[in-house]
Amino acid sequence: MIDPVVETRPWDEQLALDDARYREQLAYVLGRSALYREKLGFADAREAGGLDEIARLPLTEKHELRASVTPGNPFGSHLCATRGEIVRIYSTSGTTGTPSYIPLTAGDLDNWVTGSASSYAASGVAAGQRIVSSYNAGPFVAGAALGSFDRIGLAHIPVGTGHTDRLLSAIELLLPAAAVLTPSYAAYLIEAAAERGLDLRASSVERVLVAGEPGGGEPGFRELLEEGWGAKVTEAMGIGDIGVSLWGECEEQHGMHLGARGFVHAELIDPETGSALEPADGVTGELVLTHLAHRAAPLLRFRTRDHVRLWTSPCACGRTAPRVRCIGRTDDMLIVRGVNVFPSAVREVVGTFAPAVSGNILLRPAGDGVKQEPPLPVSVELARGTNGDDALAEAIHDRLRSRLVVQTRVELVPWGSLRRSEYKSKLVERR
Ligand SMILES: [Zn+2]
């Protein structure tokens with residue numbers, strides 16, 4: 001642990017500390033943010049009460065932030081810091097629209113690195129080890145996560161995105177103990193290494209740290225990665241507007257702990273009604289996050305669009321922070337005759353048919369938009385050197401129906417016919 005005193009502090013004590021920070025954050029925001037003064041409809045933070053009453057505040061949606069952007073204020077009217085206080089400006093990758101800008105003060109950046117270091121250290125990587133990374137530090141918030149490797153004391157080998165030969169050479173020659181990448185790229189590298197006559201299972205890499213998209217926590221997909229790398233796989237998760245690698249999974253591999261404890265407050269809501277859900281083991285809902293100590297552009301009750309499962313019970317690792325596992329993102333979700341279907345959940349079910357399948361899938365919805373009529377077409381890629389038959393397709397169809405309550409039309413496709421990704425996988429293709 002980076003800071004055992006903080007990370008093992010009883011959670012009710014953490015909430016008491018967070019309550020004081022929340023009240024301060026609220027007063028700061030009301031004093032400086034035009035967006036929140038208007039949204040909350042009061043100017044005195046005492047009117048909001050404490051953290052236990054946070055559900056009284058309205059939720060904040062990404063589109064509200066975008067709508068408040070003007071030529072004079074490219075950040076949005078939740079901006080609180082002055083020009084001189086801002087030391088870093090990241091862009092979101094714009095996968096769900098036009099890029100937006102994320103400003104940070106020096107203190108914000110330091111808090112991001114502190115939280116990210118707790119999250120990544122939870123995986124078991126430790127000072128003195130080497131870690132190879134495949135994230136582009138450039139314009140995106142993921143770059144700030146790389147600073148956490150210095151904080152942990154790792155010897156960092158940055159390779160960047162899309163340099164497969166260089167990455168495999170770095171692993172062969174520099175003998176890193178860990179690799180950090182997207183789960184899609186981790187899967188791609190197993191095949192790419194095999195094509196070059198390399199066996200990653202024989203490499204120095206003992207830990208594969210995945211982040212950037214859901215999937216690293218799906219049991220079937222994780223097993224595929226762990227077998228292919230001969231390494232332990234743990235995942236991390238953040239969201240650009242709030243912070244990088246806010247969550248990091250420990251060696252127990254049972255969900256990601258909140259590494260950014262003290263900096264961020266997490267809630268779950270029912271995504272349909274927006275009402276707050278009582279935190280307990282196994283509860284699923286949409287993750288809503290509130291900054292507790294942010295200065296540049298703090299957010300209150302920000303809807304992340306990430307659907308997660310929560311655990312609050314004690315973890316064997318000793319960390320007391322709650323844990324989550326991402327089930328999928330609202331942005332990818334399809335609704336098939338009233339049933340919510342996450343592409344990553346389909347991949348998880350299909351993955352249970354390994355070694356008959358490769359683990360790659362593609363949903364090919366026939367209609368435009370989110371709502372689809374059954375059956376939902378799903379292409380399932382077979383494992384290398386195998387031939388599928390109708391019985392396999394039927395078994396996959398039946399398991400998808402029983403686990404996800406969705407009617408599909410399963411088409412088996414030969415190994416190598418679905419596109420691999422060196423960054424994030426596209427699991428849905430529109431005709
Ligand atoms: Zn743990």
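First, some ground rules. This is a predicted model, where local features need pLDDT of at least 70, side-chain atom pairs count only at pLDDT 80 or more, and totals for chains, interfaces and linings use all residues. Residues are numbered from 1 along each chain as its sequence is written, and side-chain values use heavy atoms, with hydrogens and water left out.

A word on names. Helices (H or I, at least four residues) and strands (E, at least two) are DSSP runs, numbered from the N terminus.

Let's start with helices. Two packed helices are described by the angle between their axes and the distance between the axes. Axes here are lines fitted to C-alpha atoms, for helices over the stretch in contact, and angles run from 0 to 180 degrees between N-to-C directions.

Take helix H7, residues 164-174, and helix H8, residues 183-195. Their axes are 11 Å apart, and the packing angle is about 80°. So H7 and H8 are roughly perpendicular to each other. The cut-offs: under 35 degrees is roughly parallel, over 145 is roughly antiparallel, 65 to 115 is roughly perpendicular, and the rest is oblique.

Which residues in H7 and H8 meet? From H7 we have Thr 164, Leu 167 and Leu 168. From H8 we have Tyr 185, Tyr 188, Leu 189, Ala 192 and Ala 193. Contact means heavy atoms within 4.5 Å. By class, the H7 contact with H8 has seven nonpolar residues, one polar and no charged. For those classes, Ala, Val, Leu, Ile, Met, Phe, Trp, Tyr, Cys and Pro count as nonpolar, Asp, Glu, Lys and Arg as charged, and the others, Gly among them, as polar.

Next pair. H10 packs with helix H11, residues 390-404, at about 130°, and the axes are 10 Å apart. That angle makes H10 oblique to H11. The crossing of H10 and H11 is right-handed. For handedness, look at how the near helix is turned from the far one by less than a right angle: anticlockwise is left-handed, clockwise is right-handed.

Here H10 brings Ala 345, Val 346, Val 349 and Val 350. H11 brings Ile 396, Arg 399, Leu 400, Arg 403 and Leu 404. The contact of H10 with H11 has seven nonpolar residues, no polar ones and two charged.

Now the sheets. Strands of a sheet pair through backbone hydrogen bonds, either parallel or antiparallel. We count two strands as paired if DSSP finds at least two bridges between them.

S17 and S19 pair in the antiparallel sense over four bridges. In that pair, Val 357 stands opposite Leu 382 in S19.

S15 and S16 pair in the antiparallel sense over three bridges. Ile 335 stands opposite Asn 340 in S16.

Last, the backbone. Most residues other than glycine have a negative phi, and most peptide bonds are trans.

Where are the cis bonds I want to show you? One joins Ala 354 and Pro 355, with omega about 10°. Pro 355 lies in the loop between helix H10 (343-351) and strand S17 (357-363). Another runs from Pro 374 to Pro 375, with omega near 0°. Pro 375 sits in the loop between strand S18 (371-372) and strand S19 (376-382).

Now phi. Gln 253 is not a glycine, yet its phi is positive, about 55°. Gln 253 is in the loop between strand S8 (243-249) and strand S9 (256-258). Arg 337 is not a glycine either, and its phi is about 45°. Arg 337 is in the loop between strand S15 (334-336) and strand S16 (339-341).

Are these two buried or exposed? Gln 253 has 22% relative accessibility, so it counts as partly exposed. Arg 337 has 61%, so it counts as exposed. The scale is relative accessible area: buried is under 20%, exposed is over 50%, and partly exposed is in between (1.4 Å probe, protein chains only).
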